[in-house]
Amino acid sequence: ESRGLGDVYKRQHCVRAFGYLFDYFKAWRINNPEAYFPTVIFHSYSGSPDMVNSYLKIPDLGKKFYFSFSHVINHGNKHTIVSMQKVPEDRILIETDHIDVRAGMDHIYKVLGSVAEAKSWSLMKTAEQTMLNAKQVFSQCNGVFQ
């Protein structure tokens with residue numbers, strides 16, 4: 001399902017396959033130096049902080065990776081705060097990852113606070129930056145954020 005949506009919107013969705021994908025992306029770029037490469041969002045990123053740096057350093061591809069965090073998945077993960085600190089400000093996203101809209105809003109505020117604390121940003125700066133990043137990522141998705 002995620003792959004199909006990724007094909008439509010020229011975006012891909014990744015959950016817990018960080019090491020495997022890192023090796024794949026590095027090899028793929030070596031074998032396809034001129035090929036189009038889609039933007040990748042690491043959903044509720046729970047990989048290691050070192051893996052954030054590794055992805056960002058892949059030549060010509062590092063700028064294509066975004067790291068998203070949610071309260072539902074990331075709360076209590078010992079690596080989350082350090083990972084948030086390592087993600088560049090223009091690549092960090094937040095999400096609810098919750099099926100209940102009312103509960104989801106509560107979770108957005110919680111993850112917003114976590115990112116603000118990790119980055120030493122105000123809540124307003126965090127909200128503005130993550131919204132700007134979301135607009136950048138999804139700008140080609142049939143009118144979303146336009």
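Visitor: Why is E89 called partly exposed?
Guide: In this predicted model, E89 has a relative accessible area of 39%. Buried means under 20% and exposed means over 50%. The value for E89 lies in between, so the residue is partly exposed.

Visitor: What makes E89 and K125 a salt bridge?
Guide: The N to O separation of their side chains is 3.3 Å. The cut-off is 4 Å between a Lys or Arg nitrogen and an Asp or Glu carboxyl oxygen, so this pair qualifies. K125 is partly exposed too, at 26% relative accessible area.

Visitor: What does the pairing of E89 and K125 tie together?
Guide: E89 sits in the loop between α5 (80-86) and β4 (92-95), while K125 belongs to helix α7 (residues 123-138), so the pair links parts that are 36 residues apart in sequence.

Visitor: How do you know that R91 and D90 form a salt bridge?
Guide: Their side chains meet at 3.7 Å, N to O, which is within the 4 Å limit.

Visitor: Is R91 buried or exposed, and on what value?
Guide: R91 has a relative accessible area of 12%. That is under 20%, so R91 is buried.

Visitor: How many salt bridges does a search of the whole structure find?
Guide: The search finds three.

Visitor: Which residues touch the most other members of the largest nonpolar core?
Guide: That core has 24 residues, and F25, F42, Y45, Y55, F65, F67 and F69 touch the most other members. To count as members, residues must be buried and joined through side-chain atoms within 4.5 Å. At least two residues come from each of α2 (18-31), β2 (39-42), α3 (49-56), β3 (65-70) and α6. With five residues, α2 gives the most to this core.

Technical notes. Residues numbered from 1 in each chain as written. Predicted model: local features only at pLDDT ≥ 70, side-chain atom pairs only at ≥ 80, totals over all residues. Heavy atoms only, no water. Helix = DSSP H or I, 4+ residues; strand = E, 2+ residues; numbered from the N terminus. Buried < 20%, exposed > 50% of the residue type's maximum accessible area, 1.4 Å probe, protein only.
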